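Dear colleague,

Here is the structure I said I would pass on, and my notes on its aromatic residues and helix packing follow below it.

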Amino acid sequence: MPLLDRTGLVAAPSLPETVIAGDTPPLEAFALAADAPLVVIDFASGGDGRGFSLARSVREQGFKGRLHTRGPLIPEQYAFAIRLGIDAVEVTEERLSRQPVEHWLAALAAFSFAYQGLGSIFDRRRAERLAA
C-alpha cells in the first residue's frame, strides 16, 4: 500500500510493525507501542477521530518510534495527522486514483498556522533529529 509523508510518496520502512486499533484505550496503546520501532494506528472509519486522539496520546506519553496510520483518511485529515506527530499515512491505490498525491500535499500546505499547539510535536522531533 502506498505510504505518504510530508514530502510525498515514500517507501515503506522495513521495520516490524505493531498495529493498534483506533479504539484502543490510550494507556493500553502506549504499553503496546512503548518499544516498537513502528506503530500503525488502524482507523476503522474516516469519521472516527479516536485514532487521532490515540496518536497524540502515544506521542505525549513519550513514544519516539515511527507512527503511521492505516484506514480511510482523506486529504483534509492529512495535515491534522502530521501535526499530531504521525509520520506517514497509508493510502490505497484506489484513493490515490481519485485524490492524487498533489491533493494531499496541497491539503498539508493549506494551513500555515494552527490555533492549537499541536505542531509542537513535529517541531520538537525535527529539532531532535537535526541536533543528532
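Phe-80 is partly exposed, with a relative accessible area of 29%, whereas Phe-52 is buried at 8% (buried means under 20% relative accessible area, exposed over 50% and partly exposed in between, with a 1.4 Å probe and protein chains only). Please bear in mind that this is a predicted model, in which local features need pLDDT of at least 70 and side-chain atom pairs count only at pLDDT 80 or more, while totals for chains, interfaces and linings use all residues. Residues are numbered from 1 along each chain as its sequence is written, and side-chain values use heavy atoms, with hydrogens and water left out.

The structure holds three aromatic pairs (rings of Phe, Tyr and Trp, the last by its six-membered ring, with centres within 6.5 Å; planes under 30 degrees apart are stacked, over 60 edge-to-face, the rest tilted). One of them joins Phe-52 and Phe-80 edge-to-face, at 5.2 Å centre to centre and 65 degrees between the planes. Because Phe-52 lies in helix H2 (residues 50–60) and Phe-80 in helix H3 (residues 75–83), this pair ties together parts 28 residues apart in sequence (helices are DSSP runs of H or I, at least four residues, numbered from the N terminus). The rings of Tyr-78 and Trp-104, with centres 5.6 Å apart and planes at 80 degrees, are also edge-to-face, and they link helix H3 to helix H5 (residues 101–109) across 26 residues. Both Tyr-78 and Trp-104 are buried.

Phe-43, Phe-52 and Phe-80 form one aromatic cluster.

Best wishes

Technical notes
Helices (H or I, at least four residues) and strands (E, at least two) are DSSP runs, numbered from the N terminus.
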